Amino acid sequence: SKREIKMRKLDSTKVRPLKSEQLLHIEDHDFALRPGFGGSPIPVGIDVQVESIDSISEVDMDFTMTLYLRHYWKDERLSFRSNKNKSMTFDGRLIKKIWVPDVFFVHSKRSFIHDTTVENIMLRVYPDGNVLFSLRITVSAMCFMDFSRFPLDTQNCSLELESYAYNEDDLMLYWKHGNKSLSTDEHISLSQFFIEEFSASSGLAFYSSTGWYNRLFINFALRRHIFFFVLQSYFPAMLMVMLSWVSFWIDRRAVPARVSLGITTVLTMSTIMTGVSASMPQVSYIKAVDVYLWISFLFVFLSVIEYAAVNYLTTIEERKQLKKRGKASGMYSMDAVQAMAFDGCYHDADEDMDLSPFPEPCEENETRASQTNISNADTPRLKRKRSLKGNVGRIILQNNHVIDTYSRIIFPSVYIVFNFFYWGLYI
């Protein structure tokens, strides 16, 4: 009746199948089952085009990659008649109504299908039932890195694909075009790495409760750029070590200069080591950069210890000399260098100096001398300047310790040998 026909039109739950669904006979089959259910495993070919490697994280030990993942299989239930033998292309709305392979990424942390402006999914069906299913995916997966040679290392990472539900008895994954199934964009580049190799391989994975599964591998090798770390770590460490050697040419009696130089280089090396460690994961083994920085730190530390030994031996030597030259009157005859060590003032020639418990400062003596003889004030200053210029070399030679002499040769030589073996071993 007319009333029943009108009620059917108003019933929104009755939706007529789309023309494409009628053509593919989707309503006539149960697509919860795989093609050829109960028979031989269905072969599913895979090919991948890598669009970009977005990031590599040493701290999290993972990488992020954007790629086009394409599946190829044959489902005779989707075959249709076509006079021109042309395929039909659909978007993601038809995916939920047919069977598709349940491929997932092993060791992935997070992944998503791009959905701007709509989901980036393509389904293409051919008249004979062959299907092409393509996705644009961004995936972050684990990469088990070895930092024992960092930053002179090469990391090998892989993205692994596998069926989650179907083992090898139901589904056979394989690379569609062999080694040519993996292609990359020519403009792929990373800030810290060279991409040395991209390759595809396959294998089997065993799970004790479910059996054997086909697994596909996307392998790539990354070699780290060394120039950044040379500028940020190695070169500053070299400069600090060389700067610590300046102490060997400074007067052994210039205690503030040599001590402050040693402490400054030690603290700077500690800062460099802390900065490198902060950007790296807390691994339990020694890295190549740790070896270099710790050896450099040892050289800087030994330069401070070297001056401690020089100062100690110098003090003992001078005490022995003072005892030999001692006089009953309490006056000691000493040269200009020894006098400068005690009162901090430069003396033109050898003189007798009273080592009373509280000697008067040289500045007060000069003030008194200038007050008593104002007219001749400039004459001693001129003589002092001339005498200082003529005797600088003699003072340095007299004040040079044998340990400083050997250190000027031994420290640079050993450090050069260390650098030669270090770079030869790791490069």
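Reader: How many aromatic pairs does a search of the whole structure find?

Author: The search finds 27 aromatic pairs. A word on the source: this is a predicted model, in which local features need pLDDT of at least 70 and side-chain atom pairs count only at pLDDT 80 or more, while totals for chains, interfaces and linings use all residues. Residues are numbered from 1 along each chain as its sequence is written, and side-chain values use heavy atoms, with hydrogens and water left out.

Reader: Which values describe a pair of aromatic rings?

Author: The distance of the centres and the angle of the planes describe such a pair. Rings of Phe, Tyr and Trp (its six-membered ring) pair if their centres lie within 6.5 Å; planes under 30 degrees apart count as stacked, over 60 as edge-to-face and the rest as tilted. Here F418 and Y422 make a tilted pair, 5.9 Å centre to centre with 40° between the planes. The two residues sit four residues apart in helix α9 (residues 402-426), about one turn of the helix. Helices (H or I, at least four residues) and strands (E, at least two) are DSSP runs, numbered from the N terminus.

Reader: Why is the pair of Y422 and Y426 called tilted?

Author: Because the ring centres of Y422 and Y426 are 4.9 Å apart and the planes stand at 50°, the pair is tilted. Y422 and Y426 are also four residues apart in helix α9, about one helical turn.

Reader: Are F418 and Y422 buried or exposed?

Author: Both F418 and Y422 are buried. Buried means under 20% relative accessible area, exposed over 50%, and partly exposed in between (1.4 Å probe, protein chains only). Y422 has 3% relative accessibility, so it counts as buried, and Y426 counts as buried at 15%. Across the protein, buried residues make up 37% of the 427 residues.

Reader: Which residues form one aromatic cluster?

Author: The cluster includes Y234, W245, Y292, F299, F418, Y422 and Y426.

Reader: Which residues does UniProt list for "transmembrane region"?

Author: The unreviewed UniProt entry lists residues 226-247, 259-279, 291-310 and 409-426. Its positions are given in the numbering used here, feature names are shortened, and annotations may be inferred rather than shown by experiment. In the model, residues 291-310 are 100% helix and 0% strand, with end C-alpha atoms 28 Å apart. Residues 409-426 are likewise 100% helix and 0% strand, and their end C-alpha atoms are 27 Å apart.

Reader: What shows where empty space is left?

Author: Rolling a probe the size of a water molecule over the atoms does. On a 1 Å grid over the protein atoms alone, a pocket is an open set of points where a 1.4 Å probe fits, with protein on both sides within 12 Å along at least five of seven lines; lining residues have an atom within 4 Å of a point. The second largest pocket has a volume of about 250 Å³. It is lined by 16 residues, and I42, P43, W73, K74 and D75 are the closest to its centre. β2 (62-74) is one of the strands that supply at least two lining residues, and its three residues are the largest share.

Reader: What is D153 in contact with, leaving aside its neighbours within four places in sequence?

Author: D153 is in contact with D146, F147, L222, R223 and R224, where contact means heavy atoms within 4.5 Å. D153 is found in the loop between β7 and β8 (154-163), and counts as buried at 3% relative accessibility.

How values were computed. Points joined across faces, edges and corners; volume = space filled by probe spheres on them.
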